[in-house]
Amino acid sequence: MFLLLRTGCTPEERNNLLRGLEEIGISVQVSEGHHRTVIGIEGNEDRLRDMALDRFPGVEKVVPLATPHPLAARESNPAGTVVEVGPVRIGAGRPAVIAGPCSVEDADLFVAAAHAVKRAGADMLRGGAFKPRTSPYLFRGLGKRGLQILRETGDAVDLPVVTEAMDTRHTDLVAEYSDMVQVGSRNMQNYPLLEAVADTGLPVLLKRGRACTVTEWLCAAEYILNRGNAQVVLCERGLVSFDGAVRNLLDLSCVPLLKQLSHLPVVVDPSHGTGRCELVAPMARAAVAAGADGVMIEVHPDPVHALSDARQAILPEQLESLVPRLHAIHAVLGPAADTP
Ligand code: PEP
Ligand code: MN
């Protein structure tokens, strides 16, 4: 990394700094400019970043060079990672469609929803059994019973399933019933949970924290990759914003940006990303046009009576008209869309 010294940094401050760095075993390379001095230092960048070297008098700025998320960085797998969930290959070109109700509410309803999304052309089935709800008095999912329904239904319609784990105590249970484990937006920075989910060995759907930067998100992915689990899919689901017109502000620019920064597949969730059913299909189409490797969409056969996220659920017939359009958009873009 580089240390940029203040204009007006005194020779005494400069010498103290060089001595201080030497004392802690850091080798330096000094570059004197007309107005400013830049000091190049080598060592473990993570450790150096943590040392607050800008607290030395005379230092104006610390400029890190190395990425804080080397395993998630594009350079570590330039060809791009393909995440396999059963027969579904996310990141291999064809956009994956993950669909289903927000929550597993009861067996009959879920089976009906699953058949409908299968007919509509979905590749994977979603449904929450452990639901993160803002109020504790709202429907919080069926827990283990929900997982059982999810598994049985997925098998019955022959679709791989994904569901959320919210608690380190439940990751093994969730892994027993699911083909992919979702880390929800509220838990993106729950580091013990990230490690426990990584340790299940299953592919992970890592949703972006609702107020998290792309760098924080990639660092969260790094926690999973660093644990030896390379099967991570990033899921953009919208950010908190000042504008109450939509539930969250869907950041589609992060899709091409992540294609440059990372080798991990990116999917987009326009359901939580907008919170409004009428905006879901247009934003799903835009996501694929932006280069997303898939979409995650909440679908409910009877949205008005849904126990969670009723406002954003689309009908199965709406999914059915959307899916071929997504594939058509991807086909028009061609293979260039799959590379940064
Ligand atoms: C969900 O997908 O059901 C969910 C709760 O999403 P998020 O974590 O993005 O709010
Ligand atoms: Mn939901």
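This section describes the overall architecture, the ligand site and selected residues of a predicted model.

The chain comprises 11 helices and 14 strands. Computed along the principal axes in the computational sense, the C-alpha trace extends over about 75 × 45 × 40 Å. This extent is computed from the model and was not determined by experiment. Of the 340 residues in the chain, 50% count as buried.

Ligand 1 sits in the largest pocket. The residues around it are R126, K131, P132, E164, Q182, G184, S185, R186, K207, R237, H272 and E298. Classified by residue type, this shell around ligand 1 holds 7 charged, 4 polar and 1 nonpolar residues. For R237, an N or O atom of the side chain is 2.6 Å from an oxygen atom of ligand 1. For K207, the corresponding separation between a side-chain N or O atom and a ligand oxygen atom is 2.8 Å. For Q182, a polar side-chain atom lies 2.9 Å from an oxygen atom of ligand 1. On its own, ligand 1 has 290 Å² of accessible area, and the protein covers 97% of that area.

A175 is placed in helix α5, which runs over residues 171-177. With a relative accessible area of 19%, A175 falls under the 20% limit and therefore counts as buried.

R151 belongs to helix α4, spanning residues 144-157. The relative accessible area of R151 is 19%, so this residue is classed as buried, the limit being under 20%. The side chain of R151 is joined to that of D179 by a polar contact of 3.2 Å. D158 is located in the loop between α4 and β9, the latter formed by residues 161-164. In contrast to the buried R151, D158 counts as exposed because its relative accessibility of 60% is over 50%. The phi angle of D158 is near 60°, a positive value in a residue other than glycine.

A positive phi is likewise found at D309, where the angle is near 50° and the residue is again not glycine. D309 occupies the loop between β14 (residues 294-298) and α11. At 18% relative accessibility, D309 counts as buried, whereas D158 counts as exposed. Helix α11, covering residues 316-333, contains L333. L333 has a relative accessibility of 34% and is therefore partly exposed, a class that lies between 20% and 50%. L333 and A290 are separated by 43 residues in sequence, while their C-alpha atoms are 9.5 Å apart.

Two proline residues complete the description. P78 lies in the loop between β4 (59-63) and β5 (83-85). Its relative accessible area is 58%, and P78 is therefore exposed. P78 and S262 are 184 residues apart along the sequence, yet their C-alpha atoms are 8.4 Å apart in space. P256 is partly exposed, with a relative accessible area of 37%. From P256 to T163 the C-alpha distance is 26 Å, for a sequence separation of 93 residues.

Technical notes
Residues numbered from 1 in each chain as written. Chains lettered and ligands numbered in written order. Predicted model: local features only at pLDDT ≥ 70, side-chain atom pairs only at ≥ 80, totals over all residues. Heavy atoms only, no water. Near = heavy atom within 4 Å. Polar contact = N/O pair within 3.5 Å; in protein donor to acceptor, adjacent residues only side chain to side chain. Areas by Shrake-Rupley, 256 points an atom, 1.4 Å probe, with all protein chains shown as cover. 1 Å grid on protein atoms, 1.4 Å probe; cavity = no way out; pocket = protein on both sides within 12 Å on 5 of 7 lines; lining within 4 Å. Sits in = over half its atoms within 2 Å of the grid points. Nonpolar A, V, L, I, M, F, W, Y, C, P; charged D, E, K, R; others polar. Buried < 20%, exposed > 50% of the residue type's maximum accessible area, 1.4 Å probe, protein only. Helix = DSSP H or I, 4+ residues; strand = E, 2+ residues; numbered from the N terminus.
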